[in-house]
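Hi,

Here is the structure for you to look through. My notes follow below it.

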Amino acid sequence: MNDGTQAWPGPRRIVVRAPEDPVEAVTEADACDAPLDVDTALIRGPLFGVAAQETEGEDSRWRVVSAAKEGCPQQARDALMDMLWLRAKEESATREERRTLLPWIARLERERLDELTALGTRVQAPSEHLPEPPVRQPSHSVHPL
């Protein structure tokens, strides 16, 4: 079973030679021309999302609550802030739930939080030790109820 730690048996060699037959020459020419036919090149690195875990009850498995599609950690934290804002605004059944969520939303507007626990749910956004863009300015303001 390969655990991903297998090393190459030696130095990797690249052989450069002239194509031996016309089909190989056409294939090589098509491979060289293919990048020129594309308008944009997409270079992809790690992707980021948000995961949640219930702190109470029997099911304590992590679940993805925001798809891992963001290009940097701050975008995932912004998605978390938007989810909490919508939950506080539209899904909260009581005033106490809103009052619990609003301080977390305010902190996410000011700080780079990677983890928080509110209303029995532990939520994690990614932590990456790479340069990040500044925290975005929210399109809405948080006012206490």
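Start with the terms: helices (H or I, at least four residues) and strands (E, at least two) are DSSP runs, numbered from the N terminus. By that rule the protein has 3 helices and 4 strands. Their order from the N terminus is α-β-β-α-α-β-β.

Please note that this is a predicted model: local features need pLDDT of at least 70, side-chain atom pairs count only at pLDDT 80 or more, and totals for chains, interfaces and linings use all residues. Residues are numbered from 1 along each chain as its sequence is written, and side-chain values use heavy atoms, with hydrogens and water left out.

Now the whole chain. Of the 145 residues, 25% are buried (under 20% relative accessible area; exposed is over 50%, partly exposed in between; 1.4 Å probe, protein chains only). Take the contacts (heavy atoms within 4.5 Å) with a separation of 6 or more: 53% of them join residues 24 or more positions apart.

Next, helix 1. It covers residues 22-33. D21 caps its N-terminal end, with a side-chain oxygen 3.0 Å from the backbone nitrogen of V23.

Last, D114. It sits in the loop between helix 3 (95-110) and strand 3 (115-118). R77 is 37 residues away along the chain, yet the two C-alpha atoms are 7.4 Å apart. The side chains of D114 and R77 make a polar contact at 2.6 Å (a pair of N or O atoms within 3.5 Å; within protein, one must be able to donate a hydrogen and the other to accept it, and residues adjacent in sequence count only if both atoms are side-chain atoms).

Best wishes

Note on methods:
Expected span 1.5 Å × (residues − 1).
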